[in-house]
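Me: I have a structure here that is new to me. Can you walk me through it?

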Amino acid sequence: AMAAFVGYCVQSNFVFPWAQTLSGAPHPSPDLSPEQQWDAIPGNAKWQIVAVIGALELWDECGGGGELSHYMRGRQPGKYPTFQGFRDEVHFVLDLYD
């Protein structure tokens, strides 16, 4: 909920100074409502957002590659698995914390 609130505040008051797409299209105006801004971004950007959130959810459901048990099987709710295995095998990424 806190991330959603911060995201709402940022999208209502700030526009990134660089282009949103490789074709040079700008980001949606902060004068638009959140729903209008969502409709104004390209379809591929929407799918990219959904894919990243889905990958994070899958990482959580799998317990970080089997490192932690599922939260329905004894893991503390809200404890997100580390990305250490991903960091070691693929590339550097920061861990998520509550």
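**Charges and overall form**

Reply: This is a predicted model. To begin with charge, the protein chain has 5 positive and 11 negative charges, and their mean positions are 7 Å apart.

Me: How many helices and strands are in the protein chain?
Reply: The chain has five helices and zero strands. Along the sequence the pattern reads α-α-α-α-α.

Me: What radius of gyration does the protein chain have, and what would a compact globule have?
Reply: The protein chain has 17 Å, whereas a compact globule of 98 residues would be near 13 Å. The C-alpha trace spans about 45 × 30 × 20 Å along its principal axes.

Me: And what share of the residues counts as buried?
Reply: Of the 98 residues, 16% count as buried. The accessible surface of the chain comes to about 7,700 Å², and carbon and sulfur atoms account for 64% of that.

Me: What about contacts between residues at least 24 apart?
Reply: They make up 10% of the contacts between residues at least 6 apart in sequence.

Me: Back in α3, is Asn 44 buried or exposed?
Reply: Asn 44, which is found in helix α3, is exposed because its relative accessible area is 66%, and the cut-off for exposed is over 50%.

Me: How far is Asn 44 from Glu 67?
Reply: Their C-alpha atoms are separated by 32 Å, and the two residues are 23 apart along the chain.

Me: Now Pro 28. Where is Pro 28 found?
Reply: Pro 28 is in the loop between α1 (2-13) and α2.

Me: Why does Pro 28 count as buried?
Reply: Pro 28 counts as buried because its relative accessibility is 16%, and buried means under 20%.

Me: Which residues does Pro 28 touch?
Reply: Leaving out residues up to four places away in sequence, Pro 28 touches Val 15, Gln 20, Gln 37, Ala 40 and Ile 41. Phe 16 is 12 residues from Pro 28 along the chain, with 9.5 Å between their C-alpha atoms.

Me: Ala 40 came up there. Where is Ala 40 found, and which residues is Ala 40 in contact with?
Reply: Ala 40 is part of helix α2 (residues 34-40). Neighbours within four places aside, Ala 40 is in contact with Pro 28 and Leu 32. At 44% relative accessibility, Ala 40 is partly exposed. His 27 is 13 residues from Ala 40 in sequence and 8.4 Å away in space, C-alpha to C-alpha.

Me: And how far is Lys 79 from Ala 40?
Reply: Lys 79 and Ala 40 are 35 Å apart, C-alpha to C-alpha, and 39 residues apart in sequence. Lys 79 lies in the loop between α4 (63-66) and α5, and counts as partly exposed at 44% relative accessibility.

Me: Last one, in α5. Is Arg 87 buried or exposed?
Reply: Arg 87 belongs to helix α5 (residues 84-89). Arg 87 is buried, with a relative accessible area of 19%. Apart from neighbours within four places in sequence, Arg 87 is in contact with Thr 82, Phe 92, Val 93, Leu 94 and Asp 95.

Terms used. Residues numbered from 1 in each chain as written. Predicted model: local features only at pLDDT ≥ 70, side-chain atom pairs only at ≥ 80, totals over all residues. Heavy atoms only, no water. Helix = DSSP H or I, 4+ residues; strand = E, 2+ residues; numbered from the N terminus. Rg over C-alpha atoms; globule rule 2.2 N^0.38 Å. Buried < 20%, exposed > 50% of the residue type's maximum accessible area, 1.4 Å probe, protein only. Contact = heavy atoms within 4.5 Å. Areas by Shrake-Rupley, 256 points an atom, 1.4 Å probe, with all protein chains shown as cover. Lys, Arg positive; Asp, Glu negative; His and termini not counted. Charge placed at Lys NZ, Arg CZ, Asp CG, Glu CD.
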